[in-house]
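Reader: Hi! Could you walk me through this structure in plain words?
Author: Happy to, let's look at it together.

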Amino acid sequence: MEKTQTYHKPVNLLTTENHKTIKGEKLGFKTYILYMAPFTANSKGVNLCPHASAGCVQSCLVGSGFGGMYPMVAEGRKNKAEYFLANRTEFLAQLDFEIARAIRVNKGKNKVAVRLNGTSDIRWEKFKVRDGKNLFELYPQIKFYDYTKNHLRFDQELPKNYSLVFSRSETNEEKALELLSRGYNVAVVFNKLPKTYKGYKVVDGDISDLRFKDKKGVIIGLKYKKNTGKNGAEKNKAALTSGFVVDTINVSSLPKQVNKVAMKMAA
Ligand code: SF4
């Protein structure tokens, strides 16, 4: 029996027109991001975010912004995940083609940055694409960057043109602190950015998404982006109660004396 195809070939895998990429343009970089449906949101139930926590799945970025507002955007991301799972060779060849094209069209105008895990957590370095090379080896002139919850990726040598930031969740804070002590950067989602967290300097990660420009050994503070999709209010509440979003507002709204004690305990 003939298998039903679960995807159609998208015109583009990489997206370049959103608020993140526009901020990068001011700094001379055209950023291309691959957004796929995260976690197990595909027909095969394959987990594209194997280290996701319950809190991050619940309040995943895929439900915020355009992904939450427009069903077509969510469907497009699911289609890309299906394509990745059903036809890896063709998928990687298309990525290869789109990166080469991005370099061509930006020549003499912008530098190119690529983020492959917009809403997934895949070890792209393990896929050979062409001539026995992965995408990082094929394009040494490109700045690649990503966020990951997979701490094991930091135990192996990463490609030199790949900046990887560990993402803290409610279940991996110990790992996050260990990686900070080893000089890596860690992204933490706050409802309000503090100046420091657990003794580490917090920089505003929303000014731009170009993570390869950050100093080392700092916390990349990201402000929680409200979920605008179905059951958004419920999900926003859960993001805080699960501990995925660090609540700095309620700590600082406590009376002064109690607040000092609470801050000490949190530090
Ligand atoms: S790991 Fe990232 S992309 Fe995956 S479910 Fe969690 S927040 Fe979403």
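Author: Strand β8 (residues 200-204) and strand β9 (residues 219-223) pair in the parallel sense, over three bridges. Strands and helices here are DSSP runs, strands (E) of at least two residues and helices (H or I) of at least four, numbered from the N terminus. Two strands pair if DSSP finds at least two bridges between them. This is a predicted model, where local features need pLDDT of at least 70 and side-chain atom pairs count only at pLDDT 80 or more, while totals for chains, interfaces and linings use all residues. Residues are numbered from 1 along each chain as its sequence is written, and side-chain values use heavy atoms, with hydrogens and water left out.

Reader: Which residue stands opposite Ile219 in β9?
Author: That is Val202.

Reader: And how many strands form the open sheet, in what order?
Author: Nine strands, in the order β1-β2-β3-β4-β5-β6-β9-β8-β7, with mixed pairing. β1 and β7 (196-197) are at the edges with a single partner strand each, so one side of each has no neighbour in the sheet.

Reader: What about strand β3, is it enclosed or open?
Author: Strand β3 (residues 111-115) is largely enclosed by the rest of the structure, because four of its five residues are buried. Buried means under 20% relative accessible area, exposed means over 50%, and partly exposed is in between (1.4 Å probe, protein chains only).

Reader: Which strands does β3 run parallel to?
Author: Strand β2 (residues 29-34) is joined to β3 by five bridges, and the two run parallel. On that side Thr31 stands opposite Ala113 of β3. Two bridges join β3 to strand β4 (residues 143-148), again in parallel. There, Val114 stands opposite Phe144 in β4.

Reader: What does Glu82 meet in a salt bridge?
Author: Its partner is Lys78, at 3.4 Å from N to O. Both lie in helix α4 (residues 71-86), four residues apart, about one turn of the helix. Glu82 is buried, with a relative accessible area of 1%, whereas Lys78 is partly exposed at 37%.

Reader: Why does the span of α4 agree with what you'd expect?
Author: The expected span of a helix is 1.5 Å times one less than its number of residues. For the 16 residues of α4 that should be 22 Å, and its end C-alpha atoms are 22 Å apart, which agrees.

Reader: Where does Asp214 lie?
Author: Asp214 is in the loop between β8 and β9, and it counts as buried at 18% relative accessibility. A polar contact of 2.6 Å joins its side chain to that of Arg211. Polar contacts are pairs of N or O atoms within 3.5 Å; within protein, one must be able to donate a hydrogen and the other to accept it, and residues adjacent in sequence count only if both atoms are side-chain atoms. Arg211 also meets Asp209 in a salt bridge, at 3.9 Å from N to O. Salt bridges that share partners join Arg115, Asp209, Arg211 and Asp214 into one network.

Reader: Last one: which backbone oxygens does the side chain of Asn161 reach?
Author: The backbone oxygen of Phe136 is reached at 3.0 Å, and the backbone oxygen of Tyr139 lies 3.0 Å from a polar atom of the Asn161 side chain. Asn161 is in the loop between β4 and β5 (162-167), and it is buried, with a relative accessible area of 13%.

Note on methods:
A salt bridge is a side-chain nitrogen of Lys or Arg within 4 Å of a carboxyl oxygen of Asp or Glu.
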